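Hi,

Here is the structure I promised to send over.

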Amino acid sequence: MTVAAIRIKLQEYIKVADEKKIKAIFALLEDDIVKDFNWWEDKNLVKDFENRIKECKNGTNKAFSLEEIDVDIEKIKANTIS
């Protein structure tokens with residue numbers, strides 16, 4: 001079974017598992033889940049961010065300003081309220 005398939009199965013299981021099982025799973029994985037993640041130390045992640053910024057600046061990847069997002073949100077709200 002691939003890692004992707006395992007992730008899907010785990011997500012599906014967690015959605016329906018009872019409280020006791022969820023707490024047991026969390027206790028088993030807590031050290032890995034809770035440890036600090038300093039994203040700026042992850043060279044691959046930083047490189048990915050830099051590539052995305054470059055793509056947005058040169059136009060190969062569409063980016064949206066906060067103002068554009070706010071306008072879209074207001075349009076969606078107006079359509080759902082009516």
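First off, is Trp39 buried, partly exposed or exposed? With a relative accessible area of 42%, Trp39 counts as partly exposed. Bear in mind that this is a predicted model.

The ring-pairing rule gives 2 aromatic pairs. One is Trp39 with Trp40: the ring centres sit 5.8 Å apart and the planes make an angle of 80 degrees, so this pair is edge-to-face. The cut-off for that label is over 60 degrees. Trp40 itself is exposed, at 51% relative accessible area, where the limit is over 50%.

The other pair joins Trp39 to Phe49, and that one is edge-to-face too, with 5.7 Å from centre to centre and 70 degrees between the planes. Trp39 is in the loop between helix H2 (19-34) and helix H3 (43-58), while Phe49 belongs to helix H3, so the contact ties together parts that are 10 residues apart in sequence. Phe49 is partly exposed, with a relative accessible area of 36%. Put together, Trp39, Trp40 and Phe49 make up one aromatic cluster.

Then there's the charge side of things. Glu67, Glu68, Asp70 and Asp72 come together as a patch of negative charge on the surface. Of these, Glu68 sits in helix H4, which covers residues 66-81. Glu68 has a relative accessible area of 35%, so it is classed as partly exposed, and that value passes the over 30% needed for a patch.

Cheers

Definitions and conventions: Residues are numbered from 1 along each chain as its sequence is written. This is a predicted model: local features need pLDDT of at least 70, side-chain atom pairs count only at pLDDT 80 or more; totals for chains, interfaces and linings use all residues. Side-chain values use heavy atoms; hydrogens and water are left out. Patches are made of residues with over 30% relative accessible area and no salt bridge: like charges are joined within 9 Å, nonpolar side chains (Val, Leu, Ile, Met, Phe, Trp, Tyr) within 5 Å. Accessible areas come from the Shrake-Rupley method with a 1.4 Å probe; for residues, only the protein chains shown count as cover. A salt bridge is a side-chain nitrogen of Lys or Arg within 4 Å of a carboxyl oxygen of Asp or Glu. Lys and Arg count as positive and Asp and Glu as negative; His and the chain ends are not counted. The place of a charge is taken as NZ of Lys, CZ of Arg, CG of Asp or CD of Glu. Helices (H or I, at least four residues) and strands (E, at least two) are DSSP runs, numbered from the N terminus. Buried means under 20% relative accessible area, exposed over 50%, partly exposed in between (1.4 Å probe, protein chains only). Rings of Phe, Tyr and Trp (its six-membered ring) pair if their centres lie within 6.5 Å; planes under 30 degrees apart count as stacked, over 60 as edge-to-face and the rest as tilted.
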